[in-house]
Amino acid sequence: MITMARLTLLTKIQRKNLMAFPHPTETRLIARYYILSQQDIDIIRRQQSPENQLAFALHLCVLRYPGRIWHINEMLPDYLIQFVAQQLTLSANILSDYTHDPELRRGQLRTLRQHFNFSLYNDTTKAILHDWILPTALSTHKAAVVMNILIGKMRQENIIIPEITTLEEFLHPIIQQANSQIYRQLTDQLGKRQTQALDMLLAKRNQTGVSYRTWLQEPVGGVSVDNLLILLDRLTFIRAIGLSTPKEYAINSNSLNQLAREASRLSAWRLAQRTDDEERYALLVAFALQQTGILIDQILEMFLLLYHQVFKKAKNAQTQRFVKDGKTINQHLNQYMEIGKVLIAARKRKQDAFEALDTILKWEKFIDDIKQIETLVRPKSFDFLELVGTRYSYVRRSAKHCCNPFNFRGRTKHESCDTD
């Protein structure tokens with residue numbers, strides 16, 4: 001989640017962008033906030049001079065977007081001045097020598113608040129915003145996102161936006177509260193054995209120099225039973241921690257994924273150095289939950305690919321056998337055709353069938369041929385599925401996977417784990 005040593009949540013560029021005026025090409029944004037209604041124009045016309053009218057209208061536009069007051073001596077974009085002046089049928093140049101009097105500006109602000117229902121940022125609005133923004137802080141750990149949503153809400157509610165640093169001070173405890181709530185939701189159910197198992201994720205895996213957390217994420221390579229066993233090893237290891245399913249944690253899935261990504265991004269050493277135990281274990285829980293889902297997906301995909309290979313090899317074996325026996329089968333078919341012709345002719349002449357057969361084939365040879373044909377006969381369905389069973393042992397090895405998840409000896413190959 002968000003780590004904040006100071007009450008600074010945003011970079012200078014982020015602060016500048018949040019309070020920037022629309023670019024001239026952002027016509028929809030300009031139209032939404034800077035087109036004046038007839039009611040707006042009627043109120044603006046009440047100002048004494050054309051200069052004050054244009055200044056009043058510009059201050060109204062600045063209050064609407066970016067949503068703050070117009071500071072003394074602040075230069076507004078030329079397109080904005082021209083756009084507003086055109087709507088008031090005034091010259092944009094009338095402000096070139098205009099004196100921005102502070103008292104007059106404060107008076108305009110009071111009038112704007114009165115007629116357009118702008119609210120100040122005070123304790124009342126802060127309380128409302130606090131309750132409204134907390135669910136957002138619970139759903140994302142990105143301060144810039146939370147700030148952007150908060151400012152959007154303030155614009156929508158006509159709350160005058162103060163300095164960004166003031167809003168950072170406002171959001172800081174809210175984000176801390178959200179972080180603490182999320183950490184607590186992920187760690188409340190942890191027992192001593194589970195915390196020890198989570199700590200093991202950051203430990204080195206024997207002499208490999210690689211942590212168990214890194215091992216869980218390493219690519220396993222191509223589709224094979226050995227690689228499937230590696231994935232099953234990992235899933236067995238991570239499930240032995242004894243965590244609940246993600247649905248059983250009352251935490252936003254977006255926050256859970258962001259925590260898991262942060263845990264994956266940080267090195268095992270940096271994670272181990274986190275002094276806040278609740279935060280460290282929350283990161284590891286999020287990582288373990290997400291990695292469990294990833295491993296299950298990888299196992300299912302590889303399992304299906306393995307069985308696809310089994311069916312493909314069975315089909316190829318059937319084709320190869322048919323090609324290999326093709327010449328012999330063709331010879332027997334020709335022989336069967338000759339026998340059929342002889343039998344048909346014998347029937348027409350009312351000749352004995354066995355005598356007719358003897359004219360083309362000796363009886364002993366006929367018996368030997370029948371025996372050979374029996375070896376060539378395929379099932380009536382002529383389906384390659386009969387050969388799938390011969391590949392069963394190839395995949396069955398994965399069913400013998402029964403390794404102690406906390407007794408890995410740095411194996412590089414899978415030994416048999418049979419217990420019978």
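Trainee: Where does Asn-158 lie?
Mentor: Asn-158 lies in the loop between H8 and helix H9 (164-187). Helices here are DSSP runs of H or I with at least four residues, and strands are runs of E with at least two, numbered from the N terminus.

Trainee: What should I know about the model and the numbering?
Mentor: This is a predicted model, in which local features need pLDDT of at least 70 and side-chain atom pairs count only at pLDDT 80 or more, while totals for chains, interfaces and linings use all residues. Residues are numbered from 1 along each chain as its sequence is written, and side-chain values use heavy atoms, with hydrogens and water left out.

Trainee: Back to Asn-158, then. What is its phi?
Mentor: Asn-158 has a positive phi of about 60°, although it is not a glycine. Most residues other than glycine have a negative phi.

Trainee: Why does Asn-158 count as partly exposed?
Mentor: Asn-158 counts as partly exposed because its relative accessibility is 25%. Buried means under 20% relative accessible area, exposed means over 50%, and partly exposed is in between, using a 1.4 Å probe and protein chains only.

Trainee: Which way does the phi of Asn-73 go, positive or negative?
Mentor: Positive, at about 65°, and Asn-73 is not a glycine. Asn-73 is in the loop between H4 and H5, and it is exposed because its relative accessible area is 61%.

Trainee: What sort of peptide bond joins Tyr-65 and Pro-66, cis or trans?
Mentor: Cis, with omega about 15°. Most peptide bonds are trans. Pro-66 is in the loop between helix H4 (50-64) and H5.

Trainee: And His-59, buried or exposed?
Mentor: His-59 is buried, because its relative accessible area is 1%. His-59 sits in helix H4, and its side chain reaches the backbone nitrogen of Trp-70 at 3.1 Å. A polar contact is a pair of N or O atoms within 3.5 Å; within protein, one must be able to donate a hydrogen and the other to accept it, and residues adjacent in sequence count only if both atoms are side-chain atoms.

Trainee: Next topic. Where is Asp-101?
Mentor: Asp-101 is in the loop between helix H5 (78-87) and helix H6 (102-116). Asp-101 is partly exposed, because its relative accessible area is 36%.

Trainee: Which backbone nitrogen does the side chain of Asp-101 reach at 2.9 Å?
Mentor: That of Leu-104. The backbone nitrogen of Glu-103 lies 3.3 Å from a polar side-chain atom of Asp-101.

Trainee: What about Ser-211, buried or exposed?
Mentor: Ser-211 is buried, because its relative accessible area is 7%. Ser-211 is in the loop between helix H10 (192-200) and helix H11 (212-217), and a polar contact of 3.0 Å joins the side chains of Ser-211 and Thr-214.

Trainee: Where is Ile-149?
Mentor: Ile-149 lies in helix H8 (residues 143-156). Ile-149 counts as partly exposed because its relative accessibility is 32%.
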